[in-house]
Amino acid sequence: MKNELSAAGVTAIAVTPARRVSSFFYKYPKNRLRALIALPALWLGLVYVAALLMLLVTAFWTVDEFTGNTRVALNFDNVISLFTDPLYTTVTLRTIGIALGVTIADITLALPIAFFMSKVAGPKLKTIIAISILLPLWASYLVKAYAWRSVLSDKGILQWLLAPLGLNTPGYSLWGAAITLGYIWLPYVILPIYGGLEKVPGNLLEASSDLGAKTFTTLRRVIFPMILPSIIAGSIFAFSLTLGDYITISIVGGPNQMLGNLIYSNVGTANNLPMAAALALVPIAIMFAYLASVKRTGALDNL
Amino acid sequence: MAISIRGLSKSFGEFVAVENLNVEVAAGEFFSMLGPSGSGKTTVLRMIAGFELPTSGQVTLFGEDVTNNAPFDREVNTVFQDYALFPHMSVLENVEYGLRVRKVSKKVRTALALAALAKVHLSDFVDRKPAQLSGGQRQRVALARAIVVKPKILLLDEPLGALDLKLREKMQIELKELQRELGITFIFVTHDQDEALTLSDRIAVFNNGKIEQIGTPQELYETPATEFVARFIGTANIFSADESLSMFGLGTKTMIRPEKIEIGNEGPEGTVMESIYLGSSVRLIIDLNGIRLVAELSASDNLAKTYHRGAKVNVNLSKSDLVELK
């Protein structure tokens with residue numbers, strides 16, 4: 001066989017070092033797996049988990065008031081003050097409130113848009129809507145926040161639109177910040193819900209209708225349970241991104257502060273890194289609580 | 001009449017899927033719509049179910065005009081081609097669904113759903129999710145879900161298409177029994193002519209959005225009206241108008257079924273091109289003066305097995321077995 005091939009001018013396959021490596025990994029599939037996972041594991045372990053752990057530890061350190069240096073010693077004052085200092089509790093509750101409001105508003109807006117996109121619009125219209133949802137994502141976050149600063153201002157377009165109705169622009173306030181945040185995170189909520197709806201076959205809606213269910217019943221009994229994991233995925237984006245925000249609130253929030261502002265000022269002007277770390281634990285704890293409660297509903301079982 | 005369809009048409013943009021269709025189906029009938037894919041049969045089914053609204057024409061169910069009613073305002077239920085089971089519900093919940101939206105109490109609907117599941121031999125699987133079932137089992141759940149709400153008409157859209165041959169044959173018999181037991185009208189869409197012949201009281205053969213012929217399986221097989229029907233149902237030897245004129249003195253297109261061709265001592269001589277043993281029969285491909293013929297002989301006829309490739313045989317085409325085609 002070999003001779004026939006070489007006689008026909010077909011040369012044998014050369015045994016190169018790359019070939020030996022390939023053969024080795026083929027023979028020992030477990031090593032292949034190890035080699036594949038080494039880099040991502042290193043990244044996740046060192047850069048991500050280690051940094052988070054450092055943050056956790058730092059929260060229990062303190063700052064020497066006289067020298068301004070960080071003193072490495074176990075100290076619970078920072079963490080305790082999170083629950084006792086009225087500034088921290090007020091800002092925490094306010095941040096949670098805004099994050100919840102933004103999440104609920106975004107889901108309410110995203111559901112009909114995603115449904116229209118997935119189940120009603122034709123292919124052409126679908127592309128147009130998809131582009132108009134994705135396009136703002138390519139613009140800078142800061143640009144969008146400043147654009148809303150102009151929209152929300154006393155002489156802005158919102159005032160001009162609302163004035164004939166006898167209403168006023170919310171201006172630079174918590175409402176202004178919530179509206180702006182809701183706008184900025186909306187695509188992150190629409191996209192997963194749209195993805196979830198795409199996975200609901202159209203004939204399930206027909207089957208439901210065929211069995212006598214009217215539109216609302218089909219939405220409640222068939223579509224909603226099937227896209228619940230996607231809604232939760234979207235809500236995690238809106239909720240966690242709002243929890244961590246400190247730029248939008250500074251641009252359109254007037255004098256109000258959110259958790260992010262407190263962390264920022266503790267890292268910067270206040271020079272209190274341990275307090276900043278302690279404050280950073282709050283959104284992490286809230287997200288953990290949120291994910292745990294979501295998991296308990298069983299909504300993540302079918303992911 | 002269970003279903004009357006008058007002047008029904010449906011266009012999708014430029015494409016005419018169904019054109020000026022007229023059909024009447026009697027109560028309790030097993031009626032099949034047979035045709036190749038794209039012939040409009042599924043579109044007609046979807047217009048009866050209410051998933052599509054006709055461009056023009058009328059659909060009447062038991063005397064009530066439902067042409068523009070929503071699916072939930074019609075007394076028909078559908079078994080979908082890929083079953084369309086709700087993946088987040090158990091088998092029992094799937095079957096209960098139609099009763100649940102009708103606000104039937106929990107106790108009653110569970111009892112009815114269990115009875116329907118027993119009827120399709122699925123009593124042991126009530127707590128499973130659709131993903132944990134085989135294709136045949138899913139098929140039965142879809143059936144149970146549709147019949148539990150006691151429709152007057154059951155629509156079946158290629159329900160056996162995804163099953164393998166053995167299972168399909170088994171389900172065919174079960175479907176037929178179920179229909180007899182329930183005594184309701186079945187409208188069955190299929191592209192499989194064997195399936196249509198096995199199951200149906202009457203069959204409508206579809207081609208290009210129109211019905212070529214409606215008749216009992218026997219009528220369609222023995223006296224097809226058009227070349228399309230002759231070719232689509234069973235095997236046919238078709239002679240053009242010119243060939244018919246020279247061979248039989250008939251000026252129209254004609255057809256003869258393979259088993260009607262007599263091989264023996266009479267008639268013109270032809271050459272066997274191919275002999276295919278099929279168990280119960282032997283199929284011969286014969287060249288008769290340049291015309292290719294398919295003949296089928298019973299395998300119990302011992303002579304049949306002696307005709308090999310190249311053998312000379314006498315072919316007798318009886319004029320009374322010829323069918324004139326439009």
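Author: First, a term. A charge sits over a ring if NZ of Lys or CZ of Arg is within 6 Å of the ring centre and within 35 degrees of the ring normal. Bear in mind that this is a predicted model.

Reader: Over which ring does the charged end of B:Lys152 sit?

Author: The distance from the charged end of B:Lys152 to the ring centre is 5.1 Å. The cut-off for that distance is 6 Å. The ring belongs to B:Phe62.

Reader: Which residue lies over the face of B:Phe86?

Author: The distance to the ring centre of B:Phe86 is 4.9 Å. The limit is again 6 Å. The residue is B:Arg145.

Reader: How many aromatic pairs are there over all chains?

Author: Rings pair if their centres lie within 6.5 Å. By this rule the count over all chains is 15.

Reader: What kind of pair do A:Phe24 and A:Phe25 form?

Author: Their ring centres are 5.5 Å apart. Planes over 60 degrees apart count as edge-to-face. The planes here stand at 65 degrees, so the pair is edge-to-face.

Reader: Are A:Phe24 and A:Phe25 buried, exposed or partly exposed?

Author: Buried means under 20% relative accessible area, and exposed means over 50%. A:Phe24 has 40% relative accessibility, so A:Phe24 is partly exposed. A:Phe25 has 25%, so A:Phe25 also counts as partly exposed.

Reader: What kind of pair do B:Phe86 and B:Tyr97 form?

Author: Their ring centres lie 4.7 Å apart. Stacked needs under 30 degrees and edge-to-face over 60. The planes are at 50 degrees, so the pair is tilted.

Reader: How many residues apart in sequence are the parts that this pair ties together?

Author: B:Phe86 is in the loop between β6 (76-79) and α2 (91-101) of chain B. B:Tyr97 is in helix α2 of chain B. The pair therefore ties together parts whose separation in sequence is 11 residues.

Reader: Are B:Phe86 and B:Tyr97 buried or exposed?

Author: The cut-off for buried is under 20%. B:Phe86 has 0% relative accessibility, so B:Phe86 is buried. B:Tyr97 has 1%, so B:Tyr97 too counts as buried.

Reader: Which residues form one aromatic cluster with A:Tyr141?

Author: The cluster is in chain A. Besides A:Tyr141, its members are A:Trp185, A:Tyr188 and A:Phe237.

Reader: Where does B:Asn20 lie, given its positive phi?

Author: Phi of B:Asn20 is near 40 degrees, and the residue is not glycine. Exposed means over 50%. B:Asn20 has 51% relative accessibility and so counts as exposed. Its place is in strand β2 (residues 15-25) of chain B.

Reader: Is B:His121 buried or exposed?

Author: B:His121 lies in the loop between α3 (106-119) and α4 (135-147) of chain B. Its phi is positive, near 60 degrees. Its relative accessibility is 53%, so B:His121 is exposed.

Reader: Leaving aside neighbours within four places in sequence, with which residues is B:Leu245 in contact?

Author: B:Leu245 has its place in helix α9 (residues 241-248) of chain B. At 51% relative accessibility, B:Leu245 counts as exposed. With those neighbours left aside, the contacts are B:Leu250 and B:Gly251.

Reader: What share of the residues of chain B counts as buried?

Author: Chain B has 9 helices and 17 strands. Its C-alpha trace spans about 75 × 45 × 30 Å along the principal axes. Of its 326 residues, the share that counts as buried is 52%.

Methods: Residues numbered from 1 in each chain as written. Chains lettered and ligands numbered in written order. Predicted model: local features only at pLDDT ≥ 70, side-chain atom pairs only at ≥ 80, totals over all residues. Heavy atoms only, no water. Phe/Tyr/Trp six-rings, centres within 6.5 Å; stacked < 30°, edge-to-face > 60°. Buried < 20%, exposed > 50% of the residue type's maximum accessible area, 1.4 Å probe, protein only. Helix = DSSP H or I, 4+ residues; strand = E, 2+ residues; numbered from the N terminus. Contact = heavy atoms within 4.5 Å.
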